[in-house]
Amino acid sequence: MGRPRKFDETRALTAVMHTFWQRGYEATSTRDLAESTGMGLSSLSNAFGDKRRLYLRALRRYYETNTAVQTELLEQPGPVKDRVRNLMVQAIDIDLADPPSSGCLIMNASMEMANTDPEVAQEVRRHFTAVEQAVRSALAEGQRTGEITRDQDAATLTHHVLSSYYGLRVLARVQPDRTALLNVVETLLAKL
(Lines give C-alpha, C1' and ligand atoms only; values in the text may rest on other atoms or scores of the structure.)
Protein backbone atom coordinates (compact mmCIF):
# COMPACT_ATOMS: atom_id res chain seq x y z
CA MET A 1 0.00 0.00 0.00
CA GLY A 2 1.46 3.36 -1.07
CA ARG A 3 1.85 6.32 1.17
CA PRO A 4 -0.84 8.98 0.86
CA ARG A 5 0.24 11.96 -1.18
CA LYS A 6 1.05 14.97 0.96
CA PHE A 7 -1.10 18.01 0.25
CA ASP A 8 0.91 20.73 -1.49
CA GLU A 9 -1.07 23.98 -1.27
CA THR A 10 1.22 25.92 -3.62
CA ARG A 11 1.01 23.22 -6.28
CA ALA A 12 -2.77 22.99 -5.92
CA LEU A 13 -3.18 26.77 -6.16
CA THR A 14 -0.97 26.89 -9.23
CA ALA A 15 -3.14 24.20 -10.87
CA VAL A 16 -6.27 26.16 -9.94
CA MET A 17 -4.74 29.36 -11.33
CA HIS A 18 -3.96 27.69 -14.66
CA THR A 19 -7.45 26.20 -14.89
CA PHE A 20 -9.13 29.57 -14.36
CA TRP A 21 -6.60 31.16 -16.72
CA GLN A 22 -7.42 28.72 -19.52
CA ARG A 23 -11.20 28.63 -19.08
CA GLY A 24 -12.24 31.79 -17.26
CA TYR A 25 -14.29 31.96 -14.09
CA GLU A 26 -17.74 31.23 -15.49
CA ALA A 27 -16.65 28.33 -17.70
CA THR A 28 -14.71 26.60 -14.91
CA SER A 29 -16.61 24.12 -12.78
CA THR A 30 -15.59 22.94 -9.33
CA ARG A 31 -15.15 19.52 -10.90
CA ASP A 32 -12.60 21.06 -13.33
CA LEU A 33 -10.76 22.52 -10.36
CA ALA A 34 -10.80 19.25 -8.46
CA GLU A 35 -9.48 17.39 -11.51
CA SER A 36 -6.70 19.92 -12.06
CA THR A 37 -5.51 19.57 -8.48
CA GLY A 38 -6.04 15.83 -8.16
CA MET A 39 -8.23 16.47 -5.11
CA GLY A 40 -11.75 15.31 -4.44
CA LEU A 41 -14.52 17.90 -4.45
CA SER A 42 -14.98 17.85 -0.69
CA SER A 43 -11.22 17.97 -0.05
CA LEU A 44 -10.92 20.94 -2.40
CA SER A 45 -13.76 22.74 -0.67
CA ASN A 46 -12.38 21.99 2.80
CA ALA A 47 -8.92 23.23 1.84
CA PHE A 48 -9.88 26.38 -0.06
CA GLY A 49 -13.57 27.18 0.28
CA ASP A 50 -15.99 27.80 -2.56
CA LYS A 51 -15.24 28.51 -6.23
CA ARG A 52 -15.16 32.28 -5.75
CA ARG A 53 -12.65 31.99 -2.88
CA LEU A 54 -10.53 29.74 -5.07
CA TYR A 55 -10.66 32.34 -7.85
CA LEU A 56 -9.47 35.07 -5.50
CA ARG A 57 -6.66 32.81 -4.29
CA ALA A 58 -5.73 32.08 -7.93
CA LEU A 59 -5.53 35.82 -8.65
CA ARG A 60 -3.27 36.24 -5.62
CA ARG A 61 -1.10 33.35 -6.80
CA TYR A 62 -0.81 35.05 -10.20
CA TYR A 63 0.29 38.22 -8.45
CA GLU A 64 2.97 36.31 -6.52
CA THR A 65 4.30 34.63 -9.63
CA ASN A 66 3.58 36.39 -12.92
CA THR A 67 3.22 39.95 -11.66
CA ALA A 68 6.44 39.52 -9.70
CA VAL A 69 8.25 38.47 -12.90
CA GLN A 70 6.91 41.52 -14.73
CA THR A 71 8.06 43.95 -12.07
CA GLU A 72 11.44 42.21 -11.70
CA LEU A 73 12.11 42.66 -15.44
CA LEU A 74 11.66 46.40 -14.97
CA GLU A 75 13.85 46.56 -11.85
CA GLN A 76 16.90 44.86 -13.39
CA PRO A 77 20.03 46.88 -14.08
CA GLY A 78 20.71 48.11 -17.58
CA PRO A 79 19.17 50.49 -20.07
CA VAL A 80 15.55 51.35 -19.31
CA LYS A 81 14.44 50.90 -22.91
CA ASP A 82 15.88 47.38 -22.89
CA ARG A 83 13.91 46.59 -19.72
CA VAL A 84 10.67 47.89 -21.22
CA ARG A 85 11.41 45.96 -24.43
CA ASN A 86 12.07 42.76 -22.42
CA LEU A 87 8.75 43.15 -20.58
CA MET A 88 6.83 43.57 -23.82
CA VAL A 89 8.66 40.91 -25.82
CA GLN A 90 8.21 38.40 -23.01
CA ALA A 91 4.46 39.08 -23.06
CA ILE A 92 4.36 38.68 -26.85
CA ASP A 93 6.24 35.39 -26.67
CA ILE A 94 3.98 34.06 -23.92
CA ASP A 95 0.86 35.14 -25.77
CA LEU A 96 2.03 33.55 -29.03
CA ALA A 97 3.21 30.33 -27.37
CA ASP A 98 2.19 26.96 -28.75
CA PRO A 99 -0.28 25.89 -27.57
CA PRO A 100 -1.75 29.35 -27.61
CA SER A 101 -1.90 30.92 -24.21
CA SER A 102 -5.03 32.34 -22.72
CA GLY A 103 -3.66 35.85 -22.51
CA CYS A 104 -3.13 37.54 -19.17
CA LEU A 105 -5.17 36.16 -16.27
CA ILE A 106 -5.51 39.60 -14.70
CA MET A 107 -6.73 41.16 -17.93
CA ASN A 108 -9.18 38.29 -18.33
CA ALA A 109 -10.39 38.84 -14.76
CA SER A 110 -10.77 42.55 -15.35
CA MET A 111 -13.03 41.87 -18.34
CA GLU A 112 -15.00 38.98 -16.85
CA MET A 113 -15.42 39.75 -13.15
CA ALA A 114 -14.01 43.08 -11.99
CA ASN A 115 -17.17 45.05 -12.82
CA THR A 116 -19.36 42.81 -10.70
CA ASP A 117 -17.12 41.66 -7.86
CA PRO A 118 -15.36 44.27 -5.67
CA GLU A 119 -12.81 41.78 -4.34
CA VAL A 120 -11.83 40.72 -7.86
CA ALA A 121 -11.60 44.40 -8.80
CA GLN A 122 -9.29 44.94 -5.82
CA GLU A 123 -6.99 42.09 -6.93
CA VAL A 124 -6.95 43.42 -10.50
CA ARG A 125 -6.09 46.93 -9.27
CA ARG A 126 -3.30 45.51 -7.10
CA HIS A 127 -1.70 43.91 -10.17
CA PHE A 128 -2.10 46.97 -12.38
CA THR A 129 -0.74 49.23 -9.64
CA ALA A 130 2.37 47.09 -9.11
CA VAL A 131 3.19 47.05 -12.82
CA GLU A 132 2.42 50.76 -13.15
CA GLN A 133 4.73 51.64 -10.25
CA ALA A 134 7.55 49.54 -11.70
CA VAL A 135 7.16 51.13 -15.15
CA ARG A 136 7.00 54.63 -13.68
CA SER A 137 10.07 54.03 -11.54
CA ALA A 138 12.05 52.73 -14.52
CA LEU A 139 10.98 55.61 -16.75
CA ALA A 140 11.78 58.19 -14.07
CA GLU A 141 15.23 56.63 -13.74
CA GLY A 142 15.65 56.85 -17.52
CA GLN A 143 14.64 60.50 -17.45
CA ARG A 144 17.23 61.23 -14.75
CA THR A 145 19.98 59.60 -16.82
CA GLY A 146 18.83 61.20 -20.09
CA GLU A 147 17.88 57.91 -21.77
CA ILE A 148 14.14 58.70 -21.71
CA THR A 149 12.63 61.91 -23.07
CA ARG A 150 11.64 64.64 -20.64
CA ASP A 151 9.05 66.05 -23.05
CA GLN A 152 6.38 64.49 -20.83
CA ASP A 153 6.44 63.53 -17.17
CA ALA A 154 7.05 59.94 -16.10
CA ALA A 155 3.39 59.43 -15.15
CA THR A 156 2.17 60.37 -18.64
CA LEU A 157 4.81 58.20 -20.30
CA THR A 158 3.87 55.34 -17.98
CA HIS A 159 0.26 55.46 -19.14
CA HIS A 160 1.46 55.43 -22.75
CA VAL A 161 3.66 52.38 -22.10
CA LEU A 162 0.90 50.55 -20.23
CA SER A 163 -1.66 51.26 -22.94
CA SER A 164 0.71 49.76 -25.49
CA TYR A 165 1.63 46.84 -23.23
CA TYR A 166 -1.91 45.81 -22.41
CA GLY A 167 -3.02 46.54 -25.97
CA LEU A 168 -0.36 44.11 -27.20
CA ARG A 169 -1.76 41.45 -24.87
CA VAL A 170 -5.16 41.82 -26.52
CA LEU A 171 -3.85 42.21 -30.06
CA ALA A 172 -1.73 39.06 -29.79
CA ARG A 173 -4.87 37.01 -29.23
CA VAL A 174 -6.49 38.15 -32.49
CA GLN A 175 -3.45 38.98 -34.65
CA PRO A 176 -0.71 36.47 -33.87
CA ASP A 177 1.87 38.20 -36.08
CA ARG A 178 5.05 38.47 -34.01
CA THR A 179 6.70 40.89 -36.44
CA ALA A 180 3.74 43.29 -36.33
CA LEU A 181 3.66 43.12 -32.53
CA LEU A 182 7.40 43.75 -32.28
CA ASN A 183 6.98 46.76 -34.56
CA VAL A 184 4.53 48.21 -32.02
CA VAL A 185 7.17 47.74 -29.31
CA GLU A 186 9.92 49.39 -31.33
CA THR A 187 7.68 52.31 -32.32
CA LEU A 188 6.83 52.88 -28.66
CA LEU A 189 10.46 52.73 -27.59
CA ALA A 190 11.50 55.17 -30.30
CA LYS A 191 9.04 57.71 -28.84
CA LEU A 192 10.44 57.35 -25.35
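This is a predicted model: local features need pLDDT of at least 70, side-chain atom pairs count only at pLDDT 80 or more; totals for chains, interfaces and linings use all residues.
## Overall make-up

The chain contains 9 helices and 0 strands. Read from the N terminus, its elements run α-α-α-α-α-α-α-α-α. The C-alpha trace spans about 65 × 40 × 30 Å along its principal axes.

Of the 192 residues, 43% count as buried. Among contacts between residues at least 6 apart in sequence, 64% join residues at least 24 apart.

## Helix 1 and helix 2

Two packed helices are described by the angle between their axes and the distance between the axes. For helix 1 (residues 9–23) and helix 2 (residues 30–37), the angle is about 135° and the axes are 8 Å apart. That angle makes helix 1 oblique to helix 2. The crossing is right-handed. Helix 1 contributes Ala12, Ala15, Val16, Thr19, Phe20 and Arg23 to the contact, and helix 2 contributes Asp32, Leu33, Ser36 and Thr37. Sorted by class, this contact of helix 1 with helix 2 has 5 nonpolar, 3 polar and 2 charged residues.

Within helix 2, the buried residues are Asp32, Leu33, Ala34 and Thr37. Their cover includes helix 1, helix 3 (41–48) and helix 4. Gly38 follows helix 2 and has a positive phi, near 80°.

## Helix 5 and helix 8

The axes of helix 5 (residues 80–95) and helix 8 (residues 154–174) come within 9 Å and cross at roughly 15°. Angles under 35 degrees count as roughly parallel, and helix 5 and helix 8 are therefore roughly parallel to each other. Helix 5 passes helix 8 in a right-handed crossing.

On the helix 5 side, the residues in contact are Val84, Leu87, Met88, Ala91, Ile92, Ile94 and Asp95. They meet Val161, Ser164, Tyr165, Leu168, Arg169 and Ala172 in helix 8. By class, the contact of helix 5 with helix 8 has 10 nonpolar, 1 polar and 2 charged residues.

## Helix 6 and helix 7

Helix 6 (residues 105–112) packs on helix 7 (residues 118–145) at an angle of about 140°, with the axes 10 Å apart. Helix 6 and helix 7 are therefore oblique to each other. Their crossing is left-handed. Ile106, Met107, Ala109 and Ser110 of helix 6 make the contact with Val120, Val124, His127 and Phe128 of helix 7. The contact of helix 6 with helix 7 has 6 nonpolar, 2 polar and no charged residues.

## Nonpolar core

In soluble globular proteins, nonpolar side chains tend to be buried together. The largest nonpolar core in this model has 54 residues. Within that core, Phe20, Tyr55, Val84, Val120 and Leu139 touch the most other members. Some of these names also occur in the helix contacts: Phe20 in that of helix 1 with helix 2, Val84 in that of helix 5 with helix 8, and Val120 in that of helix 6 with helix 7.

Leaving aside residues up to four places away in sequence, Tyr55 touches Phe20, Tyr25, Ala109, Glu112, Met113 and Val120. Two of these, Phe20 and Val120, are themselves among the core residues that touch the most other members.

## A buried arginine

Arg61 is found in helix 4 (residues 51–75). Its relative accessible area is 18%, and Arg61 is therefore buried, the cut-off being under 20%. Not counting residues up to four places away in sequence, Arg61 touches Thr10, Leu13, Thr14 and Met17.

Definitions and conventions
Residues are numbered from 1 along each chain as its sequence is written. Side-chain values use heavy atoms; hydrogens and water are left out. Axes are lines fitted to C-alpha atoms, for helices over the stretch in contact, and angles run from 0 to 180 degrees between N-to-C directions. Helices (H or I, at least four residues) and strands (E, at least two) are DSSP runs, numbered from the N terminus. Angles under 35 degrees count as roughly parallel, over 145 as roughly antiparallel, 65 to 115 as roughly perpendicular and the rest as oblique. A crossing is left-handed if the near helix is turned anticlockwise from the far one by less than a right angle, and right-handed if clockwise. Contact means heavy atoms within 4.5 Å. Ala, Val, Leu, Ile, Met, Phe, Trp, Tyr, Cys and Pro count as nonpolar, Asp, Glu, Lys and Arg as charged, and the others, Gly among them, as polar. Buried means under 20% relative accessible area, exposed over 50%, partly exposed in between (1.4 Å probe, protein chains only). A nonpolar core is a set of buried Ala, Val, Leu, Ile, Met, Phe, Trp, Tyr and Cys residues joined through side-chain atoms within 4.5 Å.
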